[in-house]
Amino acid sequence: MDTESWITAHIHALQHYGGVPRIIVPDNLKTGVIKASRSEPIINPSYQEMAEHYSTTIIPARVRHPKDNFNYTHSFRILHILKNLINIDHPYLTCFNLASSID
């Protein structure tokens, strides 16, 4: 996958979910992560610019720890499903929004 496709896919995902998470946890695909390191990862400059534009942070999943990526992705998907179930037109779902919608 080339850099342009990688970034475009992220932009489409953010638009689909209707919001931007504080942290994006990608796999260590060479298109997005030049050097994988838990303490000092080197992110592709174009990918980093996209993250700065959307005010988010990129923290790559640890090498050989695929569950790192799943935890963040799964949580964001659950919030998206709940948002659709209770028909809240807001990019982030909080406990307060959920509680007030159920009453």
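This is a short tour of a predicted protein model, from the overall layout down to single residues.

## The big picture

Let's start with the parts list. The protein has four helices and four strands. Walk along the sequence and they come up in the order α-β-β-β-α-β-α-α. There are 103 residues in the protein, and 29% of them are buried.

What about the outside? The accessible surface comes to about 7400 Å², with carbon and sulfur atoms accounting for 57% of it. As for how the chain meets itself, take the contacts between residues at least 6 apart in sequence: 60% of these join residues at least 24 apart.

Helix α1 covers residues 3-17, which makes 15 residues. From its first C-alpha to its last it reaches 21 Å, close to the 21 Å expected at 1.5 Å a residue.

How many aromatic pairs does the structure hold? There is one. The rings of Trp 6 and Tyr 47 have their centres 5.6 Å apart and their planes at 65°; planes over 60 degrees apart count as edge-to-face, so that is what this pair is. The pair links distant parts of the chain, since Trp 6 sits in helix α1 and Tyr 47 in helix α2, 41 residues apart. Both Trp 6 and Tyr 47 are buried.

His 10, also in helix α1, belongs to this picture too. Its relative accessibility is 14%, under the 20% cut-off, so His 10 counts as buried. A polar atom of the His 10 side chain lies 2.9 Å from the backbone oxygen of Trp 6. Skipping neighbours within four places in sequence, His 10 is in contact with Ile 24, Tyr 47 and Met 50.

Over in helix α2, which runs over residues 45-53, you'll find Met 50. Met 50 is buried, at a relative accessible area of 5%. Apart from neighbours within four places in sequence, the residues in contact with Met 50 are Ile 7, His 10, Ile 11 and Ile 24. Thr 8 is 42 residues away from Met 50 in sequence, yet their C-alpha atoms are 9.7 Å apart in space.

Ala 51 is in helix α2 as well. Is Ala 51 buried or exposed? It's buried, with a relative accessible area of 0%. Leaving out residues up to four places away in sequence, Ala 51 touches Thr 56 and Ile 58. Ala 51 and Ile 7 are 44 residues apart along the chain, with their C-alpha atoms separated by 9.5 Å.

## The loops on either side of α2

Asn 44 lies in the loop between β3 (42-43) and α2. Although in a loop, Asn 44 is buried, with a relative accessible area of 11%. What lies 2.9 Å from a polar atom of the Asn 44 side chain? That would be the backbone oxygen of Thr 31. Setting aside neighbours within four places in sequence, Asn 44 is in contact with Thr 3, Thr 31, Gly 32 and Ile 34.

Ser 55 lies in the loop between α2 and β4 (57-58). Where Asn 44 is buried, Ser 55 is exposed, at a relative accessible area of 65%. The backbone of Ser 55 is worth a look too: its phi is near 55°, a positive value in a residue other than glycine.

Note on methods
Residues are numbered from 1 along each chain as its sequence is written. This is a predicted model: local features need pLDDT of at least 70, side-chain atom pairs count only at pLDDT 80 or more; totals for chains, interfaces and linings use all residues. Side-chain values use heavy atoms; hydrogens and water are left out. Helices (H or I, at least four residues) and strands (E, at least two) are DSSP runs, numbered from the N terminus. Buried means under 20% relative accessible area, exposed over 50%, partly exposed in between (1.4 Å probe, protein chains only). Contact means heavy atoms within 4.5 Å. The expected span of a helix is 1.5 Å times one less than its number of residues. Accessible areas come from the Shrake-Rupley method with a 1.4 Å probe; for residues, only the protein chains shown count as cover. A polar contact is a pair of N or O atoms within 3.5 Å; within protein, one must be able to donate a hydrogen and the other to accept it, and residues adjacent in sequence count only if both atoms are side-chain atoms. Rings of Phe, Tyr and Trp (its six-membered ring) pair if their centres lie within 6.5 Å; planes under 30 degrees apart count as stacked, over 60 as edge-to-face and the rest as tilted.
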